[in-house]
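Please examine the sequence and the model shown here.

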Amino acid sequence: MSGHSTYQPQNGFLQWIEKRLPIGGLIHSSFVAYPTPRNLNYWWTFGGILSFMLGVQIITGIVLAMHYTPHVDLAFNSVEAIMRDVNYGWLLRYLHSNGASMFFIAVYIHIFRGMYYGSYKEPREVLWILGVIIYLLMMATGFLGYTLPWGQMSFWGATVITNFFSAIPGVGETVVTWLWGGYAVGNPTLNRFYSLHYLLPFVIAGVVVLHVWALHVVGQNNPAGIEPKSDKDTVPFTPYATVKDGFFIVVFCIMFAWFVFYTPNYLGHADNYIPANPAVTPAHIVPEWYYLPFYAILRAIPDKLLGVLAMFGSIAILAFLPWLDTSRVKSARYRPLYRQFFWLFVAVCIGLGWLGSKPAEGIYTLIARILTFYYFAHFIIVLPLLGIFEKTKPLPNSISESVLAKA
Amino acid sequence: MTMHRTFTALALAASLGAAVLGTGVAQAAEGQPHPPSLKWSFSGPFGTFDQGQLQRGFKVYKEVCASCHSMSLVSFRNLAEAGGPGFSEKQVEALAAEYKIKDLDDKGEAIERDGRPADKFPAPFANALAAAAANGGVAPPDFSTLAKARTYERGFPWWIIDIFSQFQEQGPDYIHAILVGYEDAPQGFTMPAGGNYNKYFPGHVIAMPKPITDGQVTYDDGAPQTLDQYSRDVAAFMMWAAEPHLVARKRLGFQVMIFLLVLSGLLYFTKKKVWSAVH
């Protein structure tokens with residue numbers, strides 16, 4: 001699918017370079033000539049938004065790292081010094097902390113879009129799995145970053161999450177001690193979390209390159225879920241996709257700016273403005289909002305080891321989605337039943353998110369168990385059976401036909 | 001078309017989630033009264049601190065709270081910086097000089113010298129252990145970030161509305177409520193030793209005795225010398241101490257919003273023009 005490059009530099013120096021390193025042609029074929037389906041809607045701009053957010057996080061993060069001190073006695077005050085004394089430090093810090101949430105909002109929309117339009121299906125399985133890996137790396141990076149201000153929720157969040165690994169039979173305690181670098185969450189923990197928090201975004205960037213590479217080999221899926229058949233079905237990436245992505249990135253930035261400038265602490269926890277204190281446990285230890293559905297799954301299971309397995313399983317199962325969904329029709333537009341189950345699944349995920357923020361007791365635990373069961377049932381029961389029994393609508397002959405039919 | 005349908009479905013899913021949320025949160029809110037929501041000059045997109053209020057709040061802090069509560073991340077110089085209480089540099093120099101700062105002289109001997117604008121506010125106790133020992137076992141919390149470190153559960157539908165109304169004032173509301181919330185314990189309430197009854201404190205048992213009463217601090221700008229006014233003023237001051245760049249943040253935010261709206265408009269029409277040949 002990679003568009004054949006028509007790139008022929010006029011400039012003599014660029015011609016000289018191109019003969020030796022055809023980087024101009026690579027950029028041209030990837031981001032200019034690359035054919036994109038002409039029927040993409042705005043849900044397809046979230047890939048661009050995610051690349052933009054990764055850039056924002058890396059740039060703000062590098063500057064923050066110039067002012068931050070990863071030491072248990074100094075970390076909290078160094079973040080406060082950024083907020084108070086560094087020029088525009090408050091802006092950098094709020095961009096970075098809210099940027100993490102925006103990154104996750106965008107990735108959730110991106111993932112659900114892929115689910116709705118069947119973007120994980122043949123020939124895009126590897127593309128999808130690379131995406132799941134990026135998501136997993138994002139979760140790790142977000143968690144590590146949240147510990148760095150060394151507030152109460154940083155400390156206790158780190159304690160709870162690292163304790164998951166103590167559920168591993170036999171070697172659990174050893175693994176946790178090894179993760180902590182000691183017998184409790186302490187200075188070695190903070191040091192290594194800082195190191196890893198700086199490292200992982202570049203690992204993400206590397207996997208993003210693979211993700212985009214795979215995308216450019218198989219081409220983008222589209223709302224009709226059928227592959228382009230002729231040049232009439234596609235438009236070149238530039239100017240069509242660039243201007244559309246550019247427009248929606250700016251629209252997304254309006255929401256981003258709203259949080260940064262007007263409600264910068266809405267998505268955080270008040271407890272994290274209290275310096276970490278190993279002697280005082282907060283009333284409710286709640287992870288960041290983007291982990292809440294998985295936190296609910298963890299706590300829904302009475303056994304610790306099984307809970308941890310269910311939590312990791314709920315993400316791992318995404319990697320098998322291309323084979324669990326047996327339908328040969330990609331887009332939910334032509335799958336009336338799947339469309340309803342899709343929205344039910346979205347509602348279940350939101351419901352689990354809500355339960356993750358509630359104490360694990362009484363009625364909450366019961367609902368969490370039902371929703372956890374449904375979460376897995378969606379993948380293991382609903383999707384395989386739907387592909388067999390669902391009566392799908394007829395597909396259009398081509399992308400241009402589906403566009404014309406709507407016009 | 002599909003875009004529209006998908007949005008509708010998303011909205012449906014969200015309201016379904018919200019309907020579920022409603023029941024749970026309402027139950028959780030029972031038993032503990034919410035701090036009253038006050039009107040703050042610094043709320044909303046154009047919010048800004050009231051200099052007079054911050055100066056009064058500082059007076060309350062200095063004369064009452066500072067005998068137990070430190071404010072170790074705030075420097076004297078901050079009091080003269082833009083967006084704050086608006087003291088002059090001369091006033092700040094004079095104020096700093098009222099404080100004694102522990103330091104070393106050039107021979108390495110421990111000395112106490114007069115404070116300078118660059119110094120942080122000295123803490124009332126030598127260390128956290130001394131603070132705890134003098135206050136029934138728990139050190140009084142530092143004021144530097146306290147206004148952002150206290151909150152209460154807003155409940156449905158407020159947690160959604162708050163995003164759009166930009167409500168960020170749980171901290172000052174809570175601080176004001178605590179200060180005006182001292183009451184006699186109701187009949188049959190068992191008060192542990194050293195505890196004080198407070199209507200708004202979680203669990204109602206607070207270690208801090210009622211810190212301030214009507215007429216305790218003299219205001220020279222004609223503001224009412226009441227507990228309610230003191231509480232509002234010191235809460236506003238603490239919000240400034242916790243978020244000294246709040247005014248600059250909201251002002252820059254408005255400029256950024258205008259820029260983004262104009263840019264998105266221009267890009268929208270560019271996009272329409274570029275795509276017009278395809279559709």
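The model is a predicted one. In the contact between its chains, chain A contributes 38 residues and chain B contributes 42 residues. On the side of chain B that touches chain A, at least two residues come from each of α1 (2-29), α5 (146-149), α6 (158-165) and α9 (246-275) of chain B. Of the elements on this side, α9(B) gives the most, with 16 residues. Sorted by class, the side of chain B that touches chain A consists of 23 nonpolar, 13 polar and six charged residues.

Within chain A, the next feature is a pair of helices. The axes of α6(A) and helix α9 (residues 187-218) of chain A come within 8 Å, and they cross at roughly 160°. Angles over 145 degrees count as roughly antiparallel. The two helices α6(A) and α9(A) are therefore roughly antiparallel to each other. The crossing in which α6(A) passes α9(A) is left-handed. In the contact of α6(A) with α9(A) there are 22 nonpolar and six polar residues, and no charged residues.

The loop that runs between α6 (125-147) and α7 (152-163) of chain A holds A:W150. This residue, A:W150, is not a glycine, yet its phi is positive, at about 55°. Is A:W150 buried or exposed? A residue is buried if 20 or more other C-beta atoms lie within 10 Å of its own. A:W150 has 25 other C-beta atoms within 10 Å and is therefore buried.

B:H204 has 19 C-beta neighbours inside 10 Å and so counts as partly exposed.

The backbone also contains cis peptide bonds. In chain A, such a bond joins A:T238 and A:P239, with omega of about 10°. A:P239 is situated in helix α10 (residues 237-262) of chain A. In chain B, the peptide bond from B:F156 to B:P157 is cis, and its omega is near -5°. B:P157 is found in the loop between α5 and α6 of chain B. Those helices, α5 and α6 of chain B, are among the elements that each supply at least two residues to the side of chain B that touches chain A.

Note on methods
Residues are numbered from 1 along each chain as its sequence is written. Chains are lettered from A and ligands numbered from 1 in the order in which they are written. This is a predicted model: local features need pLDDT of at least 70, side-chain atom pairs count only at pLDDT 80 or more; totals for chains, interfaces and linings use all residues. Two residues are in contact if their C-beta atoms, placed from the backbone, lie within 7 Å. Helices (H or I, at least four residues) and strands (E, at least two) are DSSP runs, numbered from the N terminus. Ala, Val, Leu, Ile, Met, Phe, Trp, Tyr, Cys and Pro count as nonpolar, Asp, Glu, Lys and Arg as charged, and the others, Gly among them, as polar. A residue is buried if 20 or more other C-beta atoms lie within 10 Å of its own, exposed if 12 or fewer, and partly exposed in between; C-beta atoms are placed from the backbone. Axes are lines fitted to C-alpha atoms, for helices over the stretch in contact, and angles run from 0 to 180 degrees between N-to-C directions. Angles under 35 degrees count as roughly parallel, over 145 as roughly antiparallel, 65 to 115 as roughly perpendicular and the rest as oblique. A crossing is left-handed if the near helix is turned anticlockwise from the far one by less than a right angle, and right-handed if clockwise.
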